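Colleague: Please take a close look at a single part of this model and describe its surroundings in one connected account.

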Amino acid sequence: MTFSTPGTFRPVILDDIRGAQKMLAGVARMTAMEGSRHLSQLVGAPVHFKCENLQRTGSFKLRGAYVRIAGLSPEERAAGVVAASAGNHAQGVALASSLLGVRSTVFMPMGAPLPKVAATREYGADVRMQGHVIDETLAAAQEYAHETGAVFIHPFDHPDIIAGQGTVGLEILEQCPEVRTIVVGIGGGGLAAGIAVAVKALRPDVKLIGVQAEGAAAYPPSLSAGHPVSIDHLSTMADGIKVGRPGDVPFKIIGDLVDEVRTVSEDALSSALLLCLERAKLVVEPAGASPVAALLSEPQAFEGPVVALLSGGNVDPLLMQRILRHGMAAAGRYLSLRLRLTDRPGALAALLGSLSVVDANVLDVSHVRTDPRLGLTEAEVELHLETKGPEHCAEVAAALCDAGYTIID
């Protein structure tokens with residue numbers, strides 16, 4: 001996802017964020033701060049979740065969108081607004097526009113998850129499906145803005161957007177005044193930049209750590225180069241932070257105020273999402289779970305108390321299912337294997353009986369008899385099992401071998 005440079009803007013200061021906080025009173029919720037016992041044990045200090053996944057529209061995006069649209073002139077409001085997004089920004093713009101009585105048009109890519117499309121429509125936007133990738137969708141939105149005079153609402157590269165997102169930082173300091181480290185996911189950088197302005201102005205001793213997915217990490221090379229650098233190939237499940245070029249406005253702020261930017265693997269992201277669901281009972285999208293992934297990857301690197309910002313919870317149910325299986329596999333709790341057995345009555349039942357003895361939960365079984373690789377009296381079975389962890393996986397495999405089964409892979 002690459003966005004064009006919006007031009008030169010004024011710097012964002014603490015007063016802007018305080019003004020945004022007053023503007024958002026009664027619009028955006030002060031979301032909950034929840035403790036995590038599991039992560040606190042790993043880190044060796046208190047760890048708290050700032051739950052923006054429970055914000056209206058399911059993410060922090062409402063904050064910036066509302067402040068940006070509220071700041072438009074009467075003439076600009078009359079022309080309406082337009083945005084391009086596959087999800088969270090779309091919903092934030094749609095609801096903010098409805099609350100302010102402004103007409104909104106949101107362009108979304110053809111493959112956008114249906115629940116996000118439906119939610120954007122329900123919040124009042126005129127949704128137009130255009131393009132197969134977000135860059136094509138963005139181009140369509142910008143063309144619409146040029147033709148109609150509608151104001152393009154950038155997802156991160158504008159001071160008003162950054163000021164709105166920075167209100168999260170003020171809430172963190174109010175809810176957890178003893179915080180020493182704040183961990184936040186970074187896509188284009190609007191959220192991290194806003195939090196950095198607010199927090200460093202009031203508590204310069206607090207360490208700010210940004211997190212990007214390894215397959216979509218534009219900030220590390222950009223910070224090394226000293227200017228925003230585009231990356232062409234983006235590959236991550238965390239579509240909320242899947243941005244190919246840092247925004248010019250947030251980049252300067254992040255370069256000056258954010259202490260460190262880390263990257264996390266896809267395995268770490270899926271494990272983090274699984275932890276949020278199982279341990280905290282919180283539905284979090286992969287981008288929102290990126291701070292948790294960083295904590296899981298290197299827990300001793302963070303000085304506590306730590307606040308991990310769960311930035312969003314809008315995840316497609318089908319994607320959630322795939323991610324959870326991936327997370328279980330990464331945690332050693334999902335075992336796939338193939339083996340051969342004699343094709344005779346009761347053979348499959350005996351195999352399943354062996355698995356029940358070692359308390360392995362069978363999720364799926366594929367029983368093949370007609371493959372030309374098999375002998376006349378052979379059958380091949382592919383098993384997908386839920387286990388209790390890596391040690392249990394080894395125990396299951398050993399039990400099958402002891403029972404006389406040959407594991408192919």
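**Helix H5 and its neighbours**

Modeller: The buried residues of H5 pack against H3, helix H4 (74-79), S3, S4 and helix H6 (114-122). Here helices (H or I, at least four residues) and strands (E, at least two) are DSSP runs numbered from the N terminus, buried means under 20% relative accessible area, with exposed over 50% and partly exposed in between (1.4 Å probe, protein chains only), and contact means heavy atoms within 4.5 Å.

The model is predicted, so local features need pLDDT of at least 70 and side-chain atom pairs count only at pLDDT 80 or more, whereas totals for chains, interfaces and linings use all residues. Residues are numbered from 1 along each chain as its sequence is written, and side-chain values use heavy atoms, with hydrogens and water left out.

H5 is mostly covered, with 11 of its 13 residues buried. Among them are Asn-88, His-89, Gln-91, Val-93, Leu-95 and Leu-100. The 13 residues of H5 (residues 88-100) should span 18 Å at 1.5 Å a residue, which agrees with the 18 Å between its end C-alpha atoms; the expected span is 1.5 Å times one less than the number of residues. Just after H5, Gly-101 adopts a positive phi of about 70 degrees.

Val-81 has Val-151 of S6 as its bridge partner. Axes are lines fitted to C-alpha atoms, for helices over the stretch in contact, and angles run from 0 to 180 degrees between N-to-C directions.

The axes of H1 (residues 14-24) and H3 (residues 61-70) come within 10 Å and cross at roughly 95 degrees. H1 and H3 are therefore roughly perpendicular (65 to 115 degrees; under 35 is roughly parallel, over 145 roughly antiparallel, the rest oblique). Ala-20, Met-23 and Leu-24 of H1 meet Arg-63, Tyr-66, Val-67 and Ala-70 of H3. By class, this contact has 6 nonpolar, no polar and 1 charged residues, where Ala, Val, Leu, Ile, Met, Phe, Trp, Tyr, Cys and Pro count as nonpolar, Asp, Glu, Lys and Arg as charged, and the others, Gly among them, as polar.

Methods: Pairing = 2+ DSSP bridges.
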